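Let's take a walk through this structure together. Keep the sequence and the 3D view side by side as we go.

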Amino acid sequence: MILDNRCIRLKNIAKELEISKERVQHTITDILGYRKVSASPDLAPSDFYLFPKLKEHLRGNHYESDEDVEAAVRHWFRKKCVDFFTDGMHQLVRRWQLCGDRDGDYVEK
């Protein structure tokens with residue numbers, strides 16, 4: 001089931017197998033050795049906060065080489081103040097809390 005759908009949620013597996021979510025979590029992490037069932041971009045700080053802002057900055061620019069892209073990315077990071085990263089982490093904590101409050105469901109944008 002997990003191999004067929006890497007984005008499946010614990011509650012869906014539990015419902016399908018008619019067992020508790022806790023039992024599903026135990027089986028997945030302790031028996032099968034998976035760290036998590038799926039990765040939600042809503043809960044990864046790089047995907048929901050950092051990369052979209054970086055892509056917006058790079059959009060429309062043309063670079064002659066990979067080194068030019070890397071230099072532009074480094075320059076963009078160096079220009080960011082601490083508050084930029086702090087804000088992203090605060091938003092992440094709110095998203096994690098929402099996910100927990102919703103019993104593990106993804107946070108809708």
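Glu 70 counts as partly exposed because its relative accessibility is 43%; buried means under 20% relative accessible area, exposed over 50%, and partly exposed in between (1.4 Å probe, protein chains only). You will find Glu 70 in helix α4, residues 66-79.

A word on the model itself: it is predicted, so local features need pLDDT of at least 70 and side-chain atom pairs count only at pLDDT 80 or more, while totals for chains, interfaces and linings use all residues. Residues are numbered from 1 along each chain as its sequence is written, and side-chain values use heavy atoms, leaving out hydrogens and water.

Now step back to the whole protein chain. Its secondary structure comes to 5 helices and 0 strands, where helices (H or I, at least four residues) and strands (E, at least two) are DSSP runs numbered from the N terminus. Of the 109 residues in the protein chain, 24% are buried.

What makes up the largest nonpolar core? It has 10 residues: Phe 48, Tyr 49, Leu 50, Leu 54, Leu 58, Ala 72, Val 73, Trp 76, Phe 84 and Leu 92. At least two residues of this core come from each of α3 (45-58), α4 and α5 (82-101), and α3 gives the largest share, 5 residues. A nonpolar core means a set of buried Ala, Val, Leu, Ile, Met, Phe, Trp, Tyr and Cys residues joined through side-chain atoms within 4.5 Å.

Ile 28 sits in helix α2 and counts as buried because its relative accessibility is 2%. Its C-alpha atom is separated by 9.4 Å from that of Leu 10, 18 residues apart along the chain.

Finally, visit Glu 18, in the loop between α1 (10-17) and α2 (21-31). Glu 18 has a positive phi of about 55 degrees although it is not a glycine. Most residues other than glycine have a negative phi. With 73% relative accessibility, Glu 18 counts as exposed.
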